[in-house]
Amino acid sequence: MTRLKFLLAGVALAMLTLAPGQGNAQKVTLNVITAGDQNMVDYVKDVLAPIFEKDHPNVTVKSVGTGPGDAGSQKIAEKLQAQKATSAWDVDVAVIHQKMAGDLVKEGMLAAYTKDVNTGKLSTSQTAKNALGQNVEGYVIPMFQSQTAIAYNPAMVQTPPKTFQDLEAWAKANPKKFGHNGIKGGMSGVAFVVGWIYANTPNADKLISGPYDQAIETAWAPAFASLKEFNKNVIITPGNAGTLDMLNRGEIAMGPVWVDMFYTWMGEGKLPPTMKLALIGPGMPGQPMYYVVPAKAANLDLAKKFIELATSPKMQAEGIVKRFNWYPGIDAQHVKSQLDEKTWNKLFVDVTPQDLATKGKPFPIKPYFDDIQQGYEKNVMN
Amino acid sequence: MVLALFVYPLCYSLVTAFTDKAGAWTLGNFSRAFEFYGKDIGFTVVIILLSTALIGTAAIAIGGYLTLGESPLAVGVLRWIYRWPLFIPFVVAAQCMRTFLAKNGIMNNSLVTLGILTPEQTVGFLDWRGIVITFVWKQLPFVALLVAGAMAALDRTTIEAARNLGAGRLRILIEIVVPQVMPTLMVGLILSFVTMMSVLSVPIMVSGESPTMITVDMAFRINNYGDYGTANALGFISYALTGVAAWIYLKRGIAEGGRP
């Protein structure tokens, strides 16, 4: 019992010390919450925080992660909604996915901060204005843009396809040389299927911008039928990593991959440096994550300054591009001067900034997205 | 403890399997499960029965050789080596098999280097065959350990008597030894069956082909659609399948006078 009491006393003491406003009034804690993998949390903690704390000696940056995927964003949203009635929320900066950003803007939970941030005008991409159908202009700056593309082995593919139509013909002529991971083994396969639907349905834009209307899904039938036919000539790989593995071993010549994963594997020597990428038309999906500021963030001004640092061309170049092989959240031309030629060439030679602007598509809005996957299960896999 | 950690989640998942998102009773989850994953359910049963049969055969072969083998060196080596995979988790086994069984993987490359195959003849096993190979490789030592133990504990006089009457080793194994260790063999196989039903890592990592196993579908339903109803319906189907295995096991026990 004594031990338990000691423990409780310790916890109480710790809470007192951590409570805001206690002790040194100058000290401020800036809470940065990230939905994403641990490496993103570490990036805030190990790279951004030390620089920011150096410029602002009275500030401590606290980096917290809520886990990957939409579930991570969901937790952040729930945290904000729980303290809606209070006057100062304990989240200053959040990094969230598209779907949740749209919802939070709609609910009025976010601050329109980008006009007050110098780097706000550096990001002009479609995804900086629209998140899966919801207008988010002024509320978000992308932290990065991740993108899927077709990776190919130039030794086995002389003229890479430029469109899904080319790819269909190529796979027919070269059976079992294209591989994708379907929809149950990871997002690169899901992105491929979504790209296929975009390419083979009349009103693809509607899937991205909404509103949801189930009636238009009847137009998907021929797309699924042709995909089923296409799948007979390809290999279904075991997962995102499975596609890269098979490319590495020369078992397949082409397959859809996440661009950042592709370059990371190449950097680690798990893929030959001769491999190349093609972003084929009309487009393949990718997704950004956004820096946002909650409407009643306790440290609004510091939060803006923090994002200004994080989205500065220098940090975007060194952190996002060099460290993670992601495309920058702000427009690429602003980042170019900060990068050595080798890094720039690596990221933008196969997939040019124009490609990215015209063929980098968002994922569909949620109800269409679910229906595409269910449609694939029902019509292509069975 | 059992109530909180097993019975409560079990009941909860059963109830969820029969309710829709609004909370009303429905069989919709099951019709969806069969409509989308009927093929996968059949495939799961076939794969696991095949694996179980192979495990049984190989376990008898290993146990039999350990009991009846005449070369002390070969018996010693086999005894030493056959248990190794027992200590390797499924996920590690699956990761190893991914690089071992691929078309240009370690196995085929070795065969090509040895001149047994040409690169054109190689075939990748990263499909249902890979799942079966991984399951057998992983579960065989467990069953073989039980069976070999039971065989070693047999009264050797029956074996010697058969041998004196001129029976070959294979005949002794099939007609004398196996019937006597049958209860142990069945226990091992049923436990393996149940274990394999629950493995997610192997099918998801080794095989990308459709059809796939129920566990992959359950994970997919939850991760991509947040649909616990259908996932639980699939879970219910997999309880039912293991339930059949358990029923066969218990029935055998009763037929033998209540001795499980």
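pLDDT is the predictor's confidence in each residue, on a scale from 0 to 100. Keep that handy, as this is a predicted model.

**Exercise 1.** Work out how far to trust chain A, and where to be careful.

*Solution.* Start with the average: chain A has a mean pLDDT of 88.

**Exercise 2.** Decide whether the radius of gyration of chain A agrees with that of a compact globule.

*Solution.* Take the chain length first: for 382 residues, a compact globule would come out near 21 Å. Chain A has 23 Å, which agrees. Along the principal axes, its C-alpha atoms fill a box of roughly 75 × 50 × 50 Å. Now go inside: 48% of the 382 residues count as buried. Finish with the contacts: among those in chain A with a separation of 6 or more, 76% are between residues 24 or more positions apart. As for secondary structure, chain A has 16 helices and 13 strands.

**Exercise 3.** Describe the side of chain B that touches chain A.

*Solution.* Count both sides first: chain B brings 20 residues to the contact and chain A brings 19. On the chain B side, helix 2 (28-68), helix 9 (201-206) and helix 10 (214-225) each supply at least two residues. Helix 10 of chain B gives the most, with four residues. Sorted by class, this side of chain B has nine nonpolar, seven polar and four charged residues.

Methods: Residues numbered from 1 in each chain as written. Chains lettered and ligands numbered in written order. Predicted model: local features only at pLDDT ≥ 70, side-chain atom pairs only at ≥ 80, totals over all residues. Rg over C-alpha atoms; globule rule 2.2 N^0.38 Å. Buried ≥ 20, exposed ≤ 12 C-beta atoms within 10 Å, placed from the backbone. Contact = placed C-beta atoms within 7 Å. Nonpolar A, V, L, I, M, F, W, Y, C, P; charged D, E, K, R; others polar.
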